[in-house]
Amino acid sequence: MKKEDGLRFGIVLLGIFVLYTLLVIRLFYWQAVEAESLSELSKAQSFSTLTVPALRGDILASDGFPLATNNITYLLYANPKLITDKAGVSGEIAPILGSDSASVSAKLSQDLFWVKLAQNIDSGQKHAIENLNIPGIGFEQTYSRFYPEASMAAQLVGFLGRDNEGQNHGYFGIEGQYNSQLSGRDGAQYGVRDALGNQIINDVRKDPKIDGRTLKLTIDRTIQFSVDQKLRDGVEKYGADSGSVIVMDTKTGAILADASEPTFDPKTYYDFDTSTYTNPILSSLYEPGSTFKVLVMAAGIDLGLVTPDTRCNICSHAIQMGEYKIKTWDDNYFPNTTMNDVIVHSDNTGMVFVGQKIGVNNLVKYLKKFGFGEPTGIDLQGETTGIIRSQDQWIPIDLATTSFGQGISLTPIQLITAVNSIANNGVRMKPHVVSQIITPDGQTIDVKPVATNRTVSAVTAKTVTSMMVNAVENGEAKFAKIKDYKIAGKTGTAQIPVAGHYDPSQTVASFVGFFPPSDPKVTMLVLFNRPKSSIYGAETAAPLFFSIARDLIKYYNLPPE
């Protein structure tokens, strides 16, 4: 062999070796490094997966009428590779969808086997498109959330939105708190496609869906409707920034109505300010003012330190405490007044007298027994809570102001739950909204009322109830009382702290009470934030309370007392 031939032969062998080596490296790269991604790509090209959506559970009122349910809708999809006249198809479909043909045409121009054209289309749109008989067009049945009562109890119900991955997810209220139970679990159906994307094997495997559970609430639609309407009118009439009403079943702690203004429509929640999504009854802290006095008085009576007939020896004038002067709300004073009259006149100096009798240690103990400083445990999303300072952090002025409901922050649900314990013979009930959970196969799980603790003795509760009845009969809101019916209640007017001081022109006006006092059935709290027509609870919250109470008396057919 010539030298040149040997050289050429060596070059050829070297080339073959290099090519072989590159081929081995490439095969190793495909089979080892990229094996998983290639496998997924192969599956994506040859296998089809169809999600079978679970049906979200309904949210029902106490009478079984849906507050949140589902409408059947459809997802419209296409296989662009089977559509030749893309511009013509776009021109036919777009008007039915209420879209422009250019956007539909852009989707059909993609080099894909499957594209989504529209979702949540109704049956009328579906039938109109089906009548076009276009090859490559298909539908998947889906569901959209529907709220038959619109904004009724919206902040309690919540809404269904989308999470970061575009999946349905409940937010706020019941929709948020019980999202996992309501949503269930989607199923899946798998098939095999040929090279053109046509499905050739059906039902290779199925993962069955599990529909969501239905929730039956304690909300009474009749009461809720009345409360919603009257609160809306009240906010407008009194020029308040906002307002809330909560109605509770005294013996069980069940929430019969939960309303706040301003509110939103859960179907079109995205059109409303996000601040309206939260439920202020659970999430807004405020200083309760004089409604708190009945609880402090209950603590003093329960400890045996005062009685309704105990007389106040510091109530003849304003009380000076260092740089602070504590006055009555109207600057009128009642020397040697009784505890009964302290509640009737909502006397701040008399409550300072009670607070000093109780002392910091005992007051903190009773605040905790009434449930302040901790969540009530209500089954709704977004509950917050104020903080009760430890005994060593109190100074004399703190004891004085807390005794008449200033300088302490709490939520409306905490206050009504505490006052409800007075109505319920001293037993505090856990507030709740869900009464029954219904599984997809029809089994029912009843939610039982829960008693959390005893706040005061039954004797104390009856004594304070009598004092609250006297406050309604003879106090500053007596003009609004209902003829021939007794109600135990207390007004509240709390100045709002602004820039480190209290602004006397800005208040939270409220009224809390229950009835009938001999055997309470309903406990209710009405609250207005910054009313303009009058700053006083007696002239704003109390009239609304008694207006709703009249409706409830008729509704429950309660006899006069």
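Modeller: In this predicted model, a helix is a DSSP run of H or I with at least four residues and a strand is a run of E with at least two, both numbered from the N terminus.

Biologist: Where is aspartate 484 placed on those terms?

Modeller: Aspartate 484 is in the loop between α17 (458-474) and β19.

Biologist: What is the phi of aspartate 484?

Modeller: Its phi is positive, about 75 degrees, although aspartate 484 is not a glycine. Asparagine 336, also not a glycine, has a positive phi of about 60 degrees. Asparagine 336 sits in the loop between β14 and α12 (339-344).

Biologist: Which peptide bond into proline 262 is cis?

Modeller: The bond from glutamate 261 to proline 262 is cis, with omega near 0 degrees. Proline 262 belongs to the loop between β12 (255-261) and α10 (280-283). The bond from phenylalanine 515 to proline 516 is cis too, with omega near -15 degrees, and proline 516 is in the loop between β20 and β21 (522-529).

Biologist: What makes a set of residues a nonpolar core?

Modeller: Its members are buried residues of the nonpolar kinds listed for a core, joined through side-chain atoms within 4.5 Å. The largest nonpolar core has 89 residues, of which Ile174, Leu295 and Met297 touch the most other members. Methionine 297, leaving aside neighbours within four places in sequence, is in contact with Val306, Met339, Val342, Ile343, Met351, Val354 and Met467. A second, separate core has 33 residues, among them Ile223, Phe528, Leu544 and Phe546.

Biologist: How much space lies in the second largest pocket?

Modeller: The second largest pocket holds about 960 Å³. It is lined by 32 residues, and the closest to its centre are Lys327, Asn348, Phe404, Gln406 and Gln495. The elements that give two or more residues to this lining are β14 (324-326), α15 (396-403), β19 (488-498) and β20 (501-515). β19 gives the most, with five residues.

Biologist: How do the residues of that lining divide into nonpolar, polar and charged?

Modeller: There are ten nonpolar, 15 polar and seven charged residues in the lining. Lys327, one of the closest to the centre, counts as charged because Lys is grouped with Asp, Glu and Arg. Phe404, also among the closest, counts as nonpolar because Phe is in that group.

Terms used:
Residues are numbered from 1 along each chain as its sequence is written. This is a predicted model: local features need pLDDT of at least 70, side-chain atom pairs count only at pLDDT 80 or more; totals for chains, interfaces and linings use all residues. Side-chain values use heavy atoms; hydrogens and water are left out. On a 1 Å grid over the protein atoms alone, a cavity is a set of points where a 1.4 Å probe fits but cannot get out, and a pocket is an open set with protein on both sides within 12 Å along at least five of seven lines; lining residues have an atom within 4 Å of a point. Grid points are joined across faces, edges and corners, and a volume is the space filled by probe spheres set on the points. Buried means under 20% relative accessible area, exposed over 50%, partly exposed in between (1.4 Å probe, protein chains only). Contact means heavy atoms within 4.5 Å.
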